[in-house]
Amino acid sequence: VTNKLQDIDGYEWLELNEAVFVWSKDLWPREDVMNLGVTAEVINVSDVPGKARKRARQLESVGFRVVGVEAREIDQDKECVVKINPKMEEKIELLKELFESYLGCEISKFNEADKYFGDVVFLVGS
């Protein structure tokens, strides 16, 4: 999201480029999201360090309360899978809109074997 620039004297600095605005498109705090009171857990299931932290920052910028960021070994070949707690059924339409449209994630529901503590769990892979 930055370009490295250099002046005639050799002084170098970083300047934001247009990519920061593309990445953050529509990812500013939304009152409807903050009013939901949804907690999110972000889990990095890839072998690339830092992917969960980046996604957590995105979610916080939208208005989610991130309650956990960690790495686990889970077999997943998709970039982003969101698991929604079944108790969030009445809020699922807004959540689907956010996750599919804005973040490009595949949606599924928790099953009984899933051991998560957020209302919404992001599995960040690939």
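## Strand β7

A residue is termed buried when its relative accessible area is under 20%. In this predicted model, that description applies to 5 of the 5 residues of strand β7 (residues 120-124), so the strand is largely enclosed by the rest of the structure. V120, F122 and V124 point one way from β7, while V121 and L123 point the other way; all are buried.

Two strands pair with β7. Strand β3 (residues 39-44) runs parallel to β7, with 5 bridges between them, and I43 has L123 as its bridge partner in β7. Strand β5 (residues 80-84) is antiparallel to β7 and is likewise joined to it by 5 bridges; here V81 stands opposite L123.

S46 lies in the loop between β3 and α3 (51-62). Its relative accessibility is 16%, so S46 counts as buried. The side chains of S46 and N44 are joined by a polar contact of 2.7 Å.

When neighbours within four places in sequence are set aside, S46 is in contact with K51, V124, G125 and S126. S46 and D75, which are 29 residues apart in sequence, have C-alpha atoms 8.7 Å apart in space.

## Helix α3 and its end

The buried residues of α3 are K51, A52, R55, A56, Q58, L59, S61 and V62.

Just after α3, G63 adopts a positive phi of about 130°. For F64, the contacts beyond four places in sequence are V33, V38, A40, L59, L95, L98 and F99.

In soluble globular proteins, nonpolar side chains tend to be buried together. The largest nonpolar core in this model has 25 residues, and those with the most contacts inside it are V42, L59, F64, V82, L95, F99 and F122. At least two residues of this core are supplied by each of α2 (31-36), β3, α3, β5, α4 (92-102) and β7. Helix α4 provides the largest share, 5 residues.

A second, separate core has 7 residues, including I43, V81, F110 and Y116. Of these, I43 is the bridge partner of L123 in β7, and V81 stands opposite L123.

Conventions:
Residues are numbered from 1 along each chain as its sequence is written. This is a predicted model: local features need pLDDT of at least 70, side-chain atom pairs count only at pLDDT 80 or more; totals for chains, interfaces and linings use all residues. Side-chain values use heavy atoms; hydrogens and water are left out. Buried means under 20% relative accessible area, exposed over 50%, partly exposed in between (1.4 Å probe, protein chains only). Helices (H or I, at least four residues) and strands (E, at least two) are DSSP runs, numbered from the N terminus. Two strands pair if DSSP finds at least two bridges between them. Contact means heavy atoms within 4.5 Å. A polar contact is a pair of N or O atoms within 3.5 Å; within protein, one must be able to donate a hydrogen and the other to accept it, and residues adjacent in sequence count only if both atoms are side-chain atoms. A nonpolar core is a set of buried Ala, Val, Leu, Ile, Met, Phe, Trp, Tyr and Cys residues joined through side-chain atoms within 4.5 Å.
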